[in-house]
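Please read it alongside the coordinates.

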Amino acid sequence: MKPRVLVVHKILPEALDYLDRHADVEIGTDAELLPKSDLIRRLADKDGLLPLLVDIIDRDVIDSAPHLKIIANCAVGYNNIDVPYTRSRGILVTNTPGVLTEATAELTWALILAAARRIPQADRFIRDGSFKGWAIDLFLGKGLAGKRLGLIGMGRIGRAVALRASAFEMDVVYTDPHPLSADEETASGASHRNLEDLLQSSDVVSLHVSLNPETRRLLSREKIGLMKRGAILINTSRGETVDEAALVDALKTGHLGAAGLDVYEREPEINPGLFALDNVVLLPHIGSATYETRLNMSLTAARNLVQGLRGERPDNLVEP
């Protein structure tokens, strides 16, 4: 008899086909969210679970599944899962690291360029019929060459963003609790700074950290206040790393020149103040949204799930 698994949301067909060969698969919902009560009910007889980052797997959910062996998160992050509690119950947790580095780095640069050169505003200007001809002061933006890019977090994605900065002739600095080696700094073209120095000296600040107690609201009102006047803030990591109300105020007063956001503090809820601002670019959490990346994520999660169900050590086990 095949093990029974719940895939909370549909993943890409190739990965579902793989799972169908190894397990009895049930799809949770076609909607954006599966209500917690439905998740608990449908998980009761399952051996495996494949959720997305939007699915909250807390103690109530975990306790509802006495047969559960593995939770294969289809995401790099896993802050949606109570990992310490799963560990106490002997349930494996996996993620999909390393598969979305390039896609997220590319989107980071798309946001940097869109915010610096006011691309969405210019697009709207054209579409509403306002363009009457070239003007010397039309949509003046911020040039990047010779400016400083500050990266908060220097993991896979941070390093990929740093490597691309050389094409724009930017000076790159970073902060990370685990600084790179001298050789790694040379390869990435970046130098280490403490957070305060990075915020005070960078023209563009980009966040690339995981969410944990130390990074929650890492950019507080006080820290945002340290940033250079007119600087650009980019966030493609986790929305909760930024005090969104303080960010709105900094953009509104002109302390910050612009922001580019792919994630939000109370996602999918977005601070209404952001909608009223013309100096912010808003995206719907699409950092990894290339076909190649989302297929790789789906297949990686599916393989992790099957490995755990077989009693094997999954390739991407979340460690303590």
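**Note on selected contacts**

1. N235 is buried, at 1% relative accessibility (buried means under 20% relative accessible area, exposed over 50%, and partly exposed in between, with a 1.4 Å probe and protein chains only). The model is a predicted one, in which local features need pLDDT of at least 70 and side-chain atom pairs count only at pLDDT 80 or more, while totals for chains, interfaces and linings use all residues. Residues are numbered from 1 along each chain as its sequence is written, and side-chain values use heavy atoms, with hydrogens and water left out.

2. N235 belongs to strand β10, residues 231–235 (strands, E, of at least two residues and helices, H or I, of at least four are DSSP runs numbered from the N terminus). Beyond the neighbours within four places in sequence, N235 contacts L207, T241, V242, G260, L261, D262 and V263 (contact means heavy atoms within 4.5 Å). Y264 is 29 residues from N235 in sequence, with a C-alpha to C-alpha separation of 8.7 Å.

3. L52 sits in the loop between β3 (48–50) and α3 (59–63). This residue is partly exposed, with 24% relative accessibility. Residues up to four places away in sequence aside, L52 touches H9, N73, C74 and N80. Between L52 and R238 there are 15 Å in space, C-alpha to C-alpha, and 186 residues in sequence.

4. How many aromatic pairs are there? The count comes to 2 aromatic pairs, where rings of Phe, Tyr and Trp (its six-membered ring) pair if their centres lie within 6.5 Å, and planes under 30 degrees apart count as stacked, over 60 as edge-to-face and the rest as tilted. W109 and F168 form a stacked pair, at 4.6 Å centre to centre with 10° between the planes. W109 is in helix α5 (residues 101–117) and F168 in the loop between α7 (156–165) and β7 (171–175), so this pair ties together parts that are 59 residues apart in sequence. W109 is buried, at a relative accessible area of 5%, whereas F168 is partly exposed at 28%.

5. The pair of F125 and F139 is edge-to-face, because the ring centres are 5.0 Å apart and the planes lie at 80°. Helix α6 (residues 119–127) holds F125, and the loop between α6 and β6 (148–152) holds F139, so the pair ties together parts that are 14 residues apart in sequence. F125 is partly exposed, with 22% relative accessibility.

6. Helix packing comes next. Two packed helices are described by the angle between their axes and the distance between the axes. The axes of α5 and α7 come within 9 Å and cross at roughly 50° (axes are lines fitted to C-alpha atoms, for helices over the stretch in contact, and angles run from 0 to 180 degrees between N-to-C directions). α5 is therefore oblique to α7, given that angles under 35 degrees count as roughly parallel, over 145 as roughly antiparallel, 65 to 115 as roughly perpendicular and the rest as oblique. Residues of α5 in the contact include W109, and those of α7 include I157 and V161.

7. For helix α1 (residues 13–22) and helix α13 (residues 291–309), the axes come within 8 Å and cross at roughly 15°. α1 is thus roughly parallel to α13. Among the residues that meet are Y18 and L19 in α1 and L295 and L299 in α13.
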